[in-house]
Amino acid sequence: MEEQRDPNHPHICTIERVVDETPTVRTLYFHDPVLGKIGDVEPGNFAMVWIPGVNELPMSIMVSEKDDQAGFTVRKRGISSTGLYNLKVGDKIGVRGPYGNSFDIKDGKILLIGGGTGLVPLMRLITWSSGRNQITLLMGSKTKDEVFFEEIAKKLKQGMYAGHADLTIIPVTEDGSYGEKGYVTDVLEKLLEENKYDAIYTCGPELMMYKVVKLANEKGIFVQASLERMMKCGVGICGSCCVGQDLACRDGTVFDGEYLAKSSEFGHFQRTKSGILEKI
Amino acid sequence: MKPSLSTSIGSLTLERPTILASGILGISLDVFKRLHSAGAGAVVTKSLSKEPWEGYPNPTIFSVKGGGWINAVGLSNPGAENFAEMIRPNENVPIIVSLVGSVEEDFEFMIKKFQDCKVAAYELNLSCPHVAKVGLEVGDDTELVSKIVKKVKSMSDVPVIAKVGLGSTDYLKTVDAAVSAGADAITAINTIRAMAIDVEVERPILSNKIGGLSGTPIKPVALRCVYEISSKFDIPIFGCGGISTWEDAVEFILAGASAVQFGSVMGDHWDEVFSEINTGIEKFMERKGYSTIGEMIGRAKRS
């Protein structure tokens, strides 16, 4: 065991493995006895990830098959995410955390709806609900090239990360090039007509989550969404990530659908680096 | 009878002496309301500038091994105009608006934006240690301090507070300039210029390399400053720097502070810290037989 470390000070970790998930998405696995314990990091938790010389980003913590290893799944977009994306095996990053709350996993039949890198906390959620829940996973992407984590989901089903999971995997592509055709929310509507679920958990683009929360609320199904906001401190002191009276870093990132339905910001506004509310 | 936590700073009376310090959380009225309900006597906004500022890239905040925090957020803020619009619906939260600028005209421009807002006081940030041409660089120029304080005083009918820090000019000279120019109160102190280097990657951790140290390590320094100011000047003081318990708060009051500001402590304990400190002060007062905060202010200076 390493000595007790300060969760708010960057802890330096080394990249051990890089996996290309799609032409623009990579998972970087790193050695860390703290973030690498599946049972110690809750689904929904995130870390602040320092890419020395580039920036520090809030990232959901990806599970790894290997003990004492965790990952960050990043899509290259701006300078910072591309800086993380371009790291190689042997490169060093600093991590703070884990931060934030987690999904409240109900018993019974649960439905997970993820879009893009929003699938990361849902993968962890599956490890936490293995042997407990009957799980359906909807994985949304634009085209076949953008589908990822299906192999990991299959391994989760076989119990290679945690126990065997009672898991149904449904890939959905907007152009129909793989799996079901359409938006995940279209497939969700169909599923809700034919099945009864005890809870729905979602993470991904906010407009997708907005629709998911709306549909679940209409049916009276317990729903939670994990929100992404501009983050600087991660610990509730800078205020950058506030959503109404709450802070995504401290009160979230997971919020109940009932609460989100009353929010004037969810699905509509997020704050810029200077703190101005702008349309999503 | 229960002791009263009420305290007065010039014409401003606060129900409780515990105040959210500037730079912490202050960009949303909803958050201010939440903290006020949680027990904050007042909240100080993030320092506002004429135009919106993005601040520095991350890393901007981290804790220091052994205690305290270092930050160089870079005064990110939505700008005076956007901010004024955001707090315009405010009714009952005592909001102290913090302003940062380089010249008198910056402050004049910003005060005008708040003319139709309910503002409890203005706090002039003369002490941010990590942004060029504002903050400490202004605080170090006592002539400029005098001009800015006079300008803001001439435009405002609420108390004007000068927030000082440890720059290259003796901070007591800055206090003197502010007091002579008519400031109604002093906030002491701001964060202290600091940095940290990670030995594995051999780089400063902050993107700005240098930032300000806050939290428990600076408390004894801040306390000394409050004690010195209250010994030399007859002016209400907001004690600020590393306060995390009721005992810290009482120390500052005994040193001469009329109220205390804090924020870094919220990195460890969130909004419950306001009621914890308020309750602690109240119990102390009961035990010691004090009925008002005023009776305790500066008591440690007695011969």
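Residues are numbered from 1 along each chain as its sequence is written, while chains are lettered from A in the order in which they are written. Since the model is predicted, local features need pLDDT of at least 70 and side-chain atom pairs count only at pLDDT 80 or more, whereas totals for chains, interfaces and linings use all residues.

Me: Which element gives the most to the side of chain A that touches chain B?
Reply: Counting two residues as in contact if their C-beta atoms, placed from the backbone, lie within 7 Å, 28 residues of chain A are in contact with 37 residues of chain B. On the side of chain A, the elements that give two or more residues are β4 (55-60) and β6 (92-99) of chain A, where strands are DSSP runs of E with at least two residues, helices are runs of H or I with at least four, and both are numbered from the N terminus. With three residues, the element that gives the most is β6(A).

Me: Which residues of helix α1 of chain B are buried?
Reply: A residue is buried if 20 or more other C-beta atoms, placed from the backbone, lie within 10 Å of its own. What covers the buried residues of α1(B) includes β13 (242-243) of chain A, together with β3 (18-20), β4 (42-44), α2 (80-87), β7 (95-99) and α9 (272-288) of chain B. In α1 (residues 29-37) of chain B, the buried residues are Leu29(B), Val31(B), Phe32(B), Arg34(B), Leu35(B) and His36(B).

Me: Are helices α7 and α8 of chain B roughly parallel or roughly antiparallel to each other?
Reply: Helix α7 (residues 219-232) and helix α8 (residues 246-255) of chain B pack with their axes 8 Å apart and at an angle of about 25°, the axes being lines fitted to C-alpha atoms over the stretch in contact and the angle running from 0 to 180 degrees between N-to-C directions. The contact is made by Lys219(B), Leu223(B), Val226(B), Tyr227(B) and Ser230(B) of α7(B) and by Asp248(B), Glu251(B), Phe252(B) and Ala255(B) of α8(B). Because angles under 35 degrees count as roughly parallel, α7(B) and α8(B) are roughly parallel.

Me: Which strands stand at the edges of the open sheet of seven strands in chain A?
Reply: This sheet has mixed pairing and the order β10-β9-β8-β7-β11-β12-β15, where two strands pair if DSSP finds at least two bridges between them. Inside the order, β7 (residues 108-115) and β8 (residues 133-141) of chain A pair in the parallel sense over eight bridges, with Gly108(A) opposite Asn133(A). Each edge strand has a single partner, so one side of each is left without a neighbour in the sheet, and these strands are β10 (180-181) and β15 (254-256) of chain A.

Me: What is the bridge partner of Ile192(B) in β14(B)?
Reply: The open sheet of four strands in chain B has antiparallel pairing and the order β5-β6-β14-β11, and its edge strands are β5 (61-63) and β11 (192-194). β11(B) pairs with β14 (residues 211-214) of chain B in the antiparallel sense over three bridges. In β14(B), the partner of Ile192(B) is Leu213(B).

Me: Which residue of β8(B) does Ser98(B) stand opposite?
Reply: Five of the five residues of β8 (residues 121-125) of chain B are buried, so this strand is largely enclosed by the rest of the structure. Tyr122(B) and Leu124(B) point one way from β8(B), while Ala121(B), Glu123(B) and Asn125(B) point the other way. Four bridges join β8(B) to β7(B), which run parallel, and in β8(B) the residue opposite Ser98(B) is Glu123(B).

Note on methods
Buried ≥ 20, exposed ≤ 12 C-beta atoms within 10 Å, placed from the backbone. Parallel < 35°, antiparallel > 145°, perpendicular 65-115°, else oblique.
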